[in-house]
Amino acid sequence: MNQNIKIPFVDLYPQYEEIKTEIDLAITDIIDRSDFVTGRTEEKFERAIAQYTGAEDCASIGSGTSALICALKALDVGPGDEVLTVGHTFVATTEAIVSVGAKPVFVDIDDYYHFDLEPCKKFDEIYLELNPPKAILFVDLYGQTPDIDKIKKFAKKYKIKVIEDAAQSFGSSYKGKKVGSIVDLTCFSFNPVKNLGAMGNAGAVTGSKKLVNRVRMYRNHGRKTKVEAETVGYNTRIDNLQAVILQAKLKKIDEWLEKKRKICRRYTDELKDIVKCPKETSWSYHTYYVYVIETPKGTRDALQKYLREKGIATKIHYESPTHLMKAFKNEYTEKLPKTEYICNNVLSLPCYFSLPEHHQNFVIKAIKDFYLLAKHSV
């Protein structure tokens, strides 16, 4: 193993270093005022997210998973309803659908690893008109969006609600419009490793005031007032320490994302003739939550082992599609050939905005060396 270089998959500390004074003062202020949950701090943060995304309103929430669950509930998705979605995603997407009693109907992915609308168009027309799915829950995988206008057009025709799982795409845009203001409801995760990351769990839902107010009700025990519970809800409010940390980071997010994009563009320039690099759509601003290469068939695991021995940490997003996971496969198993192929051949490389140039060089060289050695061994 190379003893001189060790490259982690992610390094969060430089974010804190850049705005340490602001974060420390904000945390101290929260503690001094004993202002830990709800109130003006939460409201200020929600206004900031709504303003940044261009959404009419925002409800902060305890996690990205809770955001998905409360969004589904706000759109009256429940037992017996079908939700069109993908299997190539983090488990939370599917988990949220099942948690509200609905059934995920899995759709395969396209060349950008996104929700592929074409198979949906082949559904029986009479079935779609008489018994359409209640919602579409698509995922902005890896940091860019699918063609949302096409999805919305299809959804409008059959009166289907649309939810965007934007856990990986905060700061992205679609045709010049920020993610968060485009469909019925958009769900964000502020997990520490996300584009905009808290120092703990947090999330948000954006959309119209009417729908976001329903999300607020579900996140707060089903209450519209402090006294009366209108429905059964959840205790999943954001804590104000996370709110002020996120608000401090929000001021830097565009700068950090552009630095990350520069690194990812360099990876693509250097590696495009060796592995399949991410394809950027013509309509979306890609923020590269992760930089994912598609390796030549059957080489992914060996490459990962080789990089690990060189001191380079990598991850797989995602090794197992949710439609084949034990928790869901018995009832919801579908054949998704593109999804299953991708899950066996993708590998995520370190790409955090502070990744030093010499570390970038080391990653690039290691991948080139691996495939050069593999070529010579054939």
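**Close-up 1. Strand 5, tucked inside the predicted model.** Strand 5 covers residues 161-165, and four of its five residues are buried, so the rest of the structure largely encloses it. The model here is a predicted one.

**Close-up 2. Strand 5 alongside strand 4.** Here strand 5 runs parallel to strand 4 (residues 135-139), and five bridges join the pair.

**Close-up 3. Strand 5 alongside strand 8.** Strand 5 also pairs with strand 8 (residues 185-189), again in parallel, this time through three bridges. A handy spot to look at is Ile-163, which sits opposite Leu-185 of strand 8.

**Close-up 4. Thr-85 and its surroundings.** Now over to strand 2 (residues 82-86), which is where Thr-85 is found. With a relative accessibility of 0%, Thr-85 counts as buried, because the cut-off for that is under 20%. Who's around it? Setting aside neighbours within four places in sequence, Thr-85 is in contact with Thr-93, Ile-97, Pro-104, Val-105, Phe-106, Val-107, Phe-115 and Leu-137.

**Close-up 5. Thr-85 and Phe-328, C-alpha to C-alpha.** These two residues are 243 residues apart in sequence, yet their C-alpha atoms are 13 Å apart in space.

Conventions
Residues are numbered from 1 along each chain as its sequence is written. This is a predicted model: local features need pLDDT of at least 70, side-chain atom pairs count only at pLDDT 80 or more; totals for chains, interfaces and linings use all residues. Side-chain values use heavy atoms; hydrogens and water are left out. Buried means under 20% relative accessible area, exposed over 50%, partly exposed in between (1.4 Å probe, protein chains only). Helices (H or I, at least four residues) and strands (E, at least two) are DSSP runs, numbered from the N terminus. Two strands pair if DSSP finds at least two bridges between them. Contact means heavy atoms within 4.5 Å.
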